Amino acid sequence: MEARQDKDWLLGEPGWWGLDDRSPPDFRYGEMAPPATWVSTVPSIGKFGWCRQRYRPLAWTIVRPFAWAPLFLAVSAIPLVIQGKTPNDQMFSAAFFLVSWGLVLFPLILARNSQPMSDTNISSLPVDWVSLLFATAIFPLHVILDHRFGWAAYLLYWVAYIKTVQIVQKSMIAPSARFLLPIEVDDWPSSLEMPWKVHSNQWKRGLLASAKLENGKFVIHGTSRSGTNFLALAFVHKSGFVQDPFHHNMPSESGTSDLLASPPPIVGIQWPDNFLNLSEEE
C-alpha cells in the first residue's frame with residue numbers, strides 16, 4: 001500500500017480525475033515545464049531535477065458545499081417571513097443561517113489546511129470579509145432600532161456570498177501543485193539573492209525561504225517522505241492556497257518572471273524509483 005501511495009505522490013491519485021487505475025499523464029492541460037535554465041524531470045523519466053507534485057483538486061472539497069450554501073441561506077429567511085410555523089422561528093432561522101455559512105467557511109479552511117505549504121491565517125481566506133462583518137455588525141440593530149436593519153443585513157449576507165464565490169474562483173484559477181527536488185540536507189543553505197529571504201540556514205522540515213509579491217509569495221520548504229529529503233517550491237496565493245508556479249493560468253505579475261528564471265542553485269540527488277512511474281523503455 002505504501003509503495004502504491006509513493007507512486008501516486010507526484011502525479012496524484014487516478015481517482016481524482018476519474019482514471020480508475022490508470023496513472024495520470026506527466027502533463028495535464030495547462031501544465032508547463034520549468035524554463036530551460038532549470039534542471040527538471042517528470043515521473044516517467046526520473047533521474048535528476050525538479051518535478052511537479054499535484055495536490056488534490058480543490059473542487060472535491062469546496063464546490064459541492066458552496067452549491068448547497070445558498071439553499072440554506074434562502075431557507076433561513078422563511079421562518080421570519082411566515083412566522084409561527086415552527087416551534088421557535090428565530091432558532092430555526094439562526095440554525096439554517098449558521099449551516100449556510102458553515103458550508104462556506106469550513107470547507108475552505110479544511111481544504112487549505114490540507115495543502116502542505118499553505119498559509120493558515122484565517123483573515124487571508126478568500127472570503128468577502130467586509131460585507132460579511134458589516135452585515136454581522138448591523139444585524140443586532142433590528143432588535144434595538146428597526147426590523148429593517150435585519151433585512152438589510154440579510155441582503156448583505158447574500159452580497160458577501162456572491163463576492164466570496166468570485167474571490168474563490170480567482171484563488172482556484174491555477175491548480176494546486178508544487179515542485180520538489182530530492183537533496184542531501186547539507187546542500188542547504190543556497191546562495192539565494194534578493195528578493196528571496198532565507199529563514200533558516202539549516203535544512204529543516206518547514207519554511208526555508210520566501211519572496212513576497214503583490215498577490216502572494218513564493219516559498220521554499222523542506223519536506224521528507226519515505227526516507228528522502230526534499231526542497232519544495234510553490235507559489236502561495238494571498239488567499240493562502242498553493243498554486244502551481246508553472247501553469248498557463250498562473251497570473252503574471254511584476255517579479256514573477258525574474259524569480260522563476262532560474263531555480264535555487266542546488267543540483268540535488270537522483271530521484272528514488274519508488275516515486276517514479278518509469279516507462280517500459282526505462
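Predicted model: local features only at pLDDT ≥ 70, side-chain atom pairs only at ≥ 80, totals over all residues.
Hi everyone. Along its principal axes, the C-alpha trace spans about 70 × 45 × 30 Å. Of the 282 residues in the chain, 45% are buried. If you take the contacts with a separation of 6 or more, 65% of them are between residues 24 or more positions apart.

Let me start with a helix pair. Two packed helices are described by the angle between their axes and the distance between the axes. Here the pair is α2, residues 59-75, and α7, residues 148-171. Their axes come within 11 Å and cross at roughly 170°. Angles over 145 degrees count as roughly antiparallel, and α2 and α7 are therefore roughly antiparallel to each other.

Which residues meet there? On the α2 side we have I62, F66, A69, P70, L73 and A74, and they meet Y154, Y157, W158, Y161, T164, V165 and V168 in α7. Sorted by class, that contact has twelve nonpolar residues, one polar residue and no charged ones.

In one of them, W158 and Y161, the ring centres are 6.3 Å apart and the planes are at 85°, so the pair is edge-to-face. Both residues lie in helix α7, three residues apart, about one turn of the helix. Are they buried or exposed? W158 is partly exposed, with a relative accessible area of 24%, while Y161 counts as buried at 12%.

Another edge-to-face pair is F179 with F246, at 5.1 Å centre to centre and 85° between the planes. F179 lies in strand β2 and F246 in the loop between β7 and α8, so this pair ties together parts that are 67 residues apart in sequence. Both F179 and F246 are buried.

Next, an aspartate. D128 is found in the loop between α4 and α5, and D128 is buried, with a relative accessible area of 10%. What does D128 touch, leaving aside its neighbours within four places in sequence? The contacts are V159, A160, K163, T164 and I167.

Last, some backbone details. Most residues other than glycine have a negative phi, and most peptide bonds are trans. So where does this model depart from that? The peptide bond from W188 to P189 is cis, with omega near 15°, and the bond from M194 to P195 is cis too, with omega near 10°. P189 is found in the loop between β2 and β3, and P195 lies in the loop between β2 and β3 as well.

As for phi, K47 has a positive value of about 65° although it is not a glycine. K47 sits in the loop between α1 and β1 and is partly exposed, at 44% relative accessibility. S226, also not a glycine, has a positive phi of about 50°. S226 is in the loop between β5 and β6 and is partly exposed, at 37%.

Key
Residues numbered from 1 in each chain as written. Heavy atoms only, no water. Axes fitted to C-alpha atoms, helices over the stretch in contact; angles between N-to-C directions. Helix = DSSP H or I, 4+ residues; strand = E, 2+ residues; numbered from the N terminus. Parallel < 35°, antiparallel > 145°, perpendicular 65-115°, else oblique. Contact = heavy atoms within 4.5 Å. Nonpolar A, V, L, I, M, F, W, Y, C, P; charged D, E, K, R; others polar. Phe/Tyr/Trp six-rings, centres within 6.5 Å; stacked < 30°, edge-to-face > 60°. Buried < 20%, exposed > 50% of the residue type's maximum accessible area, 1.4 Å probe, protein only.
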